[in-house]
Each structure stands twice: as C-alpha cells, then as structure tokens.
Amino acid sequence: MNASRRLAGAWITAFILLVLPMGSEASTTAKDILKRIGVSRGICVGLGDATGEMSVELARSSELMIYLQLPRGDDVESTRRAVDKEGLYGTRIFVEKGSPTHIHLADHLADAVVVVDETTSKLREREALRVLRPRGRALLG
C-alpha cells in the first residue's frame, strides 16, 4: 500500500470515528473534555472560550498547548490579560483574533479541536478536519 493510500485511510478513520459532537447534555469541565478527546499533550485549538477559564483549566489539567481563537477583539484583549495573570500566556496558551469559520493554523497540526460555546458553532467539520492531524479529535458544539 503506498503512502497516499495510507494517509487517505487515516483521514477516513478520523472522519468516521473521531469527530465527536459535544451535545448540549455534555459536561464542559476540563476533566470531561480531556477524557473525551483522549489527548493530554500536544496542540489543542479552543474556540469560544471568551473568558479563558476553560483554557486555563485545560492547561493546568494536562500538558496541552492551547491555541485559543476568538472572534471579538475586546474578548481577545481581556482573555490575554486573564491568562497572563495565571502565568500561562505565551507559554501554554496563545490567544488570537479570528472568525469561527476559519482556524488560523496550518493543515494537520492540531491534536484536538474543542468548541466551547454555541456562538462559535459556525465551524464546519471540514475546517476542523483540515487542522487536525490524522486520528486527531474534535468536540464540536
């Protein structure tokens, strides 16, 4: 089997098995999220965590590096300050401004994508799969 067929098989597996919807009944604690994504280190994309509380909790409960993307400039600045007070900004948590429809990371880079709230549910599975490495996981709100 050539390399392109193996890669295609890995992506099909990721698409069918590993895109996990969060659902409204799901708990959104860091412990629950970590259990559902099955990843405790690597790169995790966070969308919709406007206060940064979930990102801080995830960083403290794991070895994940969090890339948090928020649509509003005011939220970005206040979240940066809050994360910086916790001593995590620029080392474990990075906060950037961007639309919820496009994640500002390269293809196949993230180990997990987590959508925290309903307002960022505009993210399409296709976009989450674009930034996920093969066998990466996504929790989409």
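Over which residues does pLDDT stay under 50? In this predicted model, local features are described at pLDDT of at least 70 and side-chain atom pairs at pLDDT 80 or more, whereas totals for chains, interfaces and linings use all residues. Residues are numbered from 1 along each chain as its sequence is written, and side-chain values use heavy atoms, with hydrogens and water left out. The pLDDT, which is the predictor's confidence in each residue from 0 to 100, stays under 50 over residues 8–27. For this segment the model has 36 contacts beyond four places in sequence, a contact being defined by heavy atoms within 4.5 Å. The protein averages a pLDDT of 83, and 77% of the residues score at least 70.

The protein has 5 helices and 6 strands, taken as DSSP runs (helices H or I, at least four residues; strands E, at least two) and numbered from the N terminus. Along the sequence these elements follow the pattern α-β-α-β-α-β-α-β-β-α-β. Of the 141 residues, 43% count as buried; buried denotes under 20% relative accessible area, exposed over 50%, and partly exposed the range in between (1.4 Å probe, protein chains only). Among contacts with a separation of 6 or more, 66% are accounted for by residues 24 or more positions apart.

Strand β5 (residues 110–115) is largely enclosed by the rest of the structure, because 6 of its 6 residues are buried. Pairing of strands requires that DSSP find at least two bridges between them. By this criterion, strand β2 (residues 41–47) pairs with β5 in the parallel sense over 4 bridges, and valine 45 has valine 113 of β5 as its bridge partner. Strand β6 (residues 132–140) also pairs with β5 in the parallel sense over 4 bridges; here the partner of alanine 110 is leucine 132 of β6.

Aspartate 111 lies in strand β5 and counts as buried, at 13% relative accessibility. The side chain of aspartate 111 reaches the backbone nitrogen of isoleucine 43 at 2.7 Å. A polar contact is a pair of N or O atoms within 3.5 Å; within protein, one must be able to donate a hydrogen and the other to accept it, and residues adjacent in sequence count only if both atoms are side-chain atoms. Not counting residues up to four places away in sequence, aspartate 111 touches Val39, Arg41, Gly42, Ile43, Leu132, Arg133, Gly136 and Arg137.

In helix α2 (residues 30–37), the buried residues are Ala30, Ile33, Leu34 and Ile37. They cover an arc of only 100° around the axis, which places them on the same side of α2; the arc is that of the directions from the helix axis to the C-beta atoms. Lys31 and Lys35 are exposed on the other side of the helix. The cover over the buried residues of α2 includes α3 (53–60), β3 (63–70), β5 and β6. Just after α2, glycine 38 takes a positive phi of about 65°.

Alanine 30, in helix α2, is buried with a relative accessible area of 0%. Its contacts, leaving aside neighbours within four places in sequence, are with Met54, Glu57, Leu58 and Ser61. Alanine 30 and glutamate 53 are 23 residues apart in sequence, and their C-alpha atoms are 9.7 Å apart in space.

A nonpolar core is defined as a set of buried Ala, Val, Leu, Ile, Met, Phe, Trp, Tyr and Cys residues joined through side-chain atoms within 4.5 Å. The largest such core has 22 residues, of which Ile33, Ile37, Leu58, Leu64, Ile66 and Ile93 touch the most other members. The elements giving two or more residues to this core are α2, α3, β3, α4 (73–85), β4 (93–97) and β5. Leucine 58 is in contact with Ala30, Ile33, Leu34 and Ile66, neighbours within four places in sequence being left aside. A second, separate core of 16 residues includes Val45, Ala110, Val113 and Leu140.

Positive phi values also occur in residues other than glycine. Histidine 108 has a positive phi of about 60°; this residue is in the loop between β4 and β5 and is partly exposed, with a relative accessible area of 43%. Arginine 135, found in strand β6, has a positive phi near 70°.
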